[in-house]
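Thanks for coming. Please have a look at the model on the screen before I start.

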Amino acid sequence: MSRGPRILIVEDEEPLSVLLRYNLESEGYAVEIVPRGDEAEIRLRESLPDLLLLDWMLPGVSGIELCRRLRQREETKSLPIILLTARGEESERVRGLATGADDYVVKPFSIPELMARVGALLRRVAPNRVASLLKAGDLEVDRESYRVRRSGTDLHLGPTEFRLLEFMMERPGRVFSRAQLLDGVWGADSEIDERTVDVHVGRLRKALHRQGASDPIRTVRGAGYAFDERF
Ligand code: CA
């Protein structure tokens, strides 16, 4: 499983979605494809990607209608969305943006241009998802070299604890339920029990612990865990 930002492609033209998947995966993104608007709506209730590539004309529910519905829901109202529109729909692009898409590209588009737009949108809305160095307080996570330091001292984390820390630090302050952590760190299809999340959070805390230093991970009773920006 790729550790990169997760992108959901909603596109019914298979040659195009396959081409997009190939190019996005080679840049380190984790990609999932859904060919119908109604399927995408269901999928997005189960698991949220970091960015949505949404075709305008889709079977089931159209891209424009799906975009409108997503903007009305609390969980998806700020989900980054790039609309893919056909040439004939170009005149309607204002409507696309008015519906809440963050950006749009007109088919046929160049793959490098789309890649650049995906990268630009993620840097704008979720800079921590694409940064190679995450920092908070005295803690530093270098995701290129897999090193974690606290006050300049190297800490030793297992691969799962590393991924867990990375996942929470990308979204500081946000409270994650055990189910959301399972989905984001282990993947939606994992067979792992929610109690396993507690075990790994415990190990992560232990690995991060320094005498006299505060715990960056906050337990929110009845809700889950959060990484505090200021700890
Ligand atoms: Ca289409």
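Predicted model: local features only at pLDDT ≥ 70, side-chain atom pairs only at ≥ 80, totals over all residues.

Residues are numbered from 1 along each chain as its sequence is written, and side-chain values use heavy atoms, with hydrogens and water left out.

Helices (H or I, at least four residues) and strands (E, at least two) are DSSP runs, numbered from the N terminus. Helix α1, residues 14-26, has 13 residues and spans 18 Å from first C-alpha to last. That is close to the expected 18 Å at 1.5 Å a residue, the expectation being 1.5 Å times one less than the number of residues.

Which residues of α1 are buried? They are Leu16, Ser17, Leu20, Asn23 and Leu24, buried meaning under 20% relative accessible area and exposed over 50%, with a 1.4 Å probe and protein chains only. Seen down the axis of α1, they fall within an arc of 135°, so they line one face of the helix; the arc is taken over directions from the helix axis to the C-beta atoms. They pack against β1, β2, β3, β4 and α5, contact being heavy atoms within 4.5 Å. Glu14, Pro15, Tyr22 and Ser26, on the other side of α1, are exposed. Just after α1, Gly28 has a positive phi of about 95°.

Now the sheet. It is open, with 3 strands in the order β10-β12-β11 and antiparallel pairing; a pair needs at least two DSSP bridges. β10 (175-176) and β11 (217-220) are at the edges with a single partner strand each, so one side of each has no neighbour in the sheet. β10 and β12 are joined by 2 bridges, and Val175 has Ala226 of β12 as its bridge partner.
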